[in-house]
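Q: Could you take a close look at one part of this model with me? I would like to start from a single residue and then see what lies around the rest of the chain.

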Amino acid sequence: MRDGEPQDLDAGAAADGRAEAFEAVIGLEIHVQLATATKMFCGCELSFGEPPNTRTCAVCLGLPGSLPVANARAIHFGLMIGLALGSELAPRSIFHRKNYFYPDQAKNYQISQYDEPLCRGGSLEEIRIHRVHLEEDAAKLIHVGSSGRIHGSDASIVDFNRGGTPLAEIVTEPDIRTPEQAGEWLKLLRSTLRRLGVSDVNMEEGSLRCDANISLRRAGTEELGVKTELKNMNSFRFIERGIRAEVERQRKILSEGGEVTQETLHFDPASGALTSLRSKEEAHDYRYFPDPDLLPVAIDREMIDLAREAMPELPAERAARLQRELELSPESAQRLAFASELGDYFEAALDAAVDPPPPAQMLANWLTGDLVARLGDGEDPQASRVRPAALAELVGLVAARRVSVGAGRQVLDSLVAEGGEPQAIVDAEGLAAMDGAEELAVIVADAVRANADAAERVREGNSKAIGPIVGHVMRETKGRADGTEVSRLIHEQLGV
Amino acid sequence: MIGRDEVLHVALLARLAVGEEELEPMARELSAVLDHIAKMGELDLSDVPPTSHVVELTGALRPDEPRPSLPRETVLAQAPAVSDGGFLVPSPQA
């Protein structure tokens with residue numbers, strides 16, 4: 001398989017001269033840590049880096065005789081997620097015990113939901129939702145190898161602070177077809193959850209975790225192939241790369257006439273390697289049964305009304321509003337709304353009372369184009385040195401032609417590097433647009449003389465030859481000249 | 001009738017060590033339990049929703065208000081071995 005064009009799966013297969021093309025069928029399971037004050041079934045506070053085993057009690061340690069009671073706010077957050085995804089909210093929901101032996105669970109079962117989850121069905125944009133259920137997180141294991149501090153034996157240290165943290169598990173239908181689509185959709189889901197305020201949704205810190213179920217089928221057929229599960233990927237980049245690696249692995253097996261084995265895999269982003277975690281047949285024999293310690297949850301009118309009242313504006317509604325009220329292009333509106341950190345920054349910049357005010361579309365372009373390019377995709381501009389009001393002021397200056405586009409980009413470079421006020425940077429660096437038309441005309445005339453060959457070609461009708469002349473003017477003016485005006489003057493002086 | 005392989009599989013899932021001489025009696029006893037369940041399965045209960053709980057109560061929820069956690073010394077006093085403020089256990093990866 002060639003590198004470089006992984007998204008065009010069919011073209012890749014054809015280029016290798018294979019007759020058969022495959023289509024990837026991908027479903028996601030997303031675990032979201034809910035931003036409650038306390039754990040799912042006890043009053044211990046959630047932990048954010050406290051010393052190990054300082055946020056535990058009889059319930060979350062699974063001591064005999066303790067009685068779990070479900071957290072009302074976790075149910076409330078679960079209902080909000082269901083409403084945001086257009087799910088059907090179950091009138092009655094029950095908790096099950098999922099039995100397995102592993103030191104991350106002192107009870108030897110995880111309290112989860114099985115055949116009566118809180119929410120069923122729904123969709124987010126083009127991807128259908130299968131279900132949303134609530135469960136408790138496991139404890140954290142720190143593995144200590146024989147080369148570590150504990151000599152002579154392989155051991156683990158268990159920290160129960162995380163054990164019992166409320167999780168919502170969101171399961172999609174297998175509607176995703178490419179690694180890129182998985183990444184983009186997950187970003188939209190994260191924005192939605194962030195708007196809802198139900199989670200910190202921080203992948204690096206583990207409050208948003210994603211597993212992917214992946215299978216391949218021959219293009220044009222409907223029958224699903226054998227699937228594998230890719231576990232616990234903790235960044236958007238790794239998710240896309242991990243899925244891509246697994247799709248390629250399966251394609252190779254199937255193309256050579258082999259069969260994919262159903263298994264759970266771990267993707268190592270450092271080496272790009274996929275390793276098998278455990279035998280699925282054994283691990284998935286969880287012997288679910290209703291937890292007799294927990295009463296069924298009855299979702300009544302009042303709980304649903306409370307969840308409805310708490311609903312904020314969601315990304316799709318926000319995109320429609322930005323388009324309707326600010327006349328943004330559909331692309332800009334969606335970009336800002338679906339990446340809520342960009343949308344929040346944009347609206348904060350618009351709200352900053354700067355004079356002259358920036359036109360909305362131009363502000364959107366500067367934010368999603370120039371600023372994002374400087375900060376790196378996925379970085380939150382709110383965390384940068386460029387305050388929303390500073391970007392608004394800069395775009396206002398450019399729109400009023402007090403600063404040229406080129407000089408404006410220099411100001412932005414300076415804002416990104418050191419912060420500060422655009423007008424002050426313009427003054428200090430001498431980047432104000434030239435307002436003397438005569439001064440500019442003289443510089444243009446010099447530039448035309450210095451680039452006689454280019455000038456001749458422009459006269460002969462080669463409009464691209466204007467480049468060196470414009471470049472000359474921009475060097476002389478340190479980018480302060482307005483590009484459109486320079487071009488107009490050159491054409492005027494050359495009589496074309 | 002449950003076979004010895006099934007007994008071994010269930011024993012593995014439950015992390016129970018079952019001796020060779022226990023396999024046959026256990027298979028017999030488990031089969032008797034299943035036969036009994038199968039007998040109950042003969043009843044026509046198509047109109048009866050499954051009973052997940054024997055009490056008719058619902059809605060026992062807890063407000064999201066913190067309560068004090070246990071002191072770590074108390075918690076770790078129950079651990080068979082302790083290291084770095086945590087429960088020291090044999091590695092599941094070993």
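Is A:R488 buried or exposed, and how many other C-beta atoms lie within 10 Å?

A: A word on the model and its labels comes before the residue. This is a predicted model, in which local features need pLDDT of at least 70 and side-chain atom pairs count only at pLDDT 80 or more, while totals for chains, interfaces and linings use all residues. Residues are numbered from 1 along each chain as its sequence is written, and chains are lettered from A and ligands numbered from 1 in the order in which they are written.

A:R488 is exposed, because 12 other C-beta atoms lie within 10 Å. For reference, a residue is called buried with 20 or more other C-beta atoms within 10 Å of its own, exposed with 12 or fewer, and partly exposed in between, with C-beta atoms placed from the backbone. A:R488 sits in helix α17 (residues 483–494) of chain A; helices (H or I, at least four residues) and strands (E, at least two) are DSSP runs, numbered from the N terminus.

Now for the wider setting. Chain A is assigned domain 1 (9–308), domain 2 (315–429) and domain 3 (437–494), with bounds from an automatic or database domain assignment. Taken over C-alpha atoms, the centres of domain 1 and domain 3 of chain A are 60 Å apart. A:R488 and A:D159 are separated by 329 residues in sequence and by 70 Å in space, C-alpha to C-alpha.

After α13(A) comes A:G430, with a positive phi near 65°.

Finally, the partner chain. 40 residues of chain A are in contact with 32 residues of chain B, where contact requires C-beta atoms, placed from the backbone, to lie within 7 Å. On the side of chain A that touches chain B, β11(A) gives the most, with 5 residues. Strand β2(A) is joined to β1 (residues 61–62) of chain B by 2 bridges, and these strands run parallel; strands pair if DSSP finds at least two bridges between them. In β1(B), B:R62 is the bridge partner of A:N71.

Terms used. Two residues are in contact if their C-beta atoms, placed from the backbone, lie within 7 Å.
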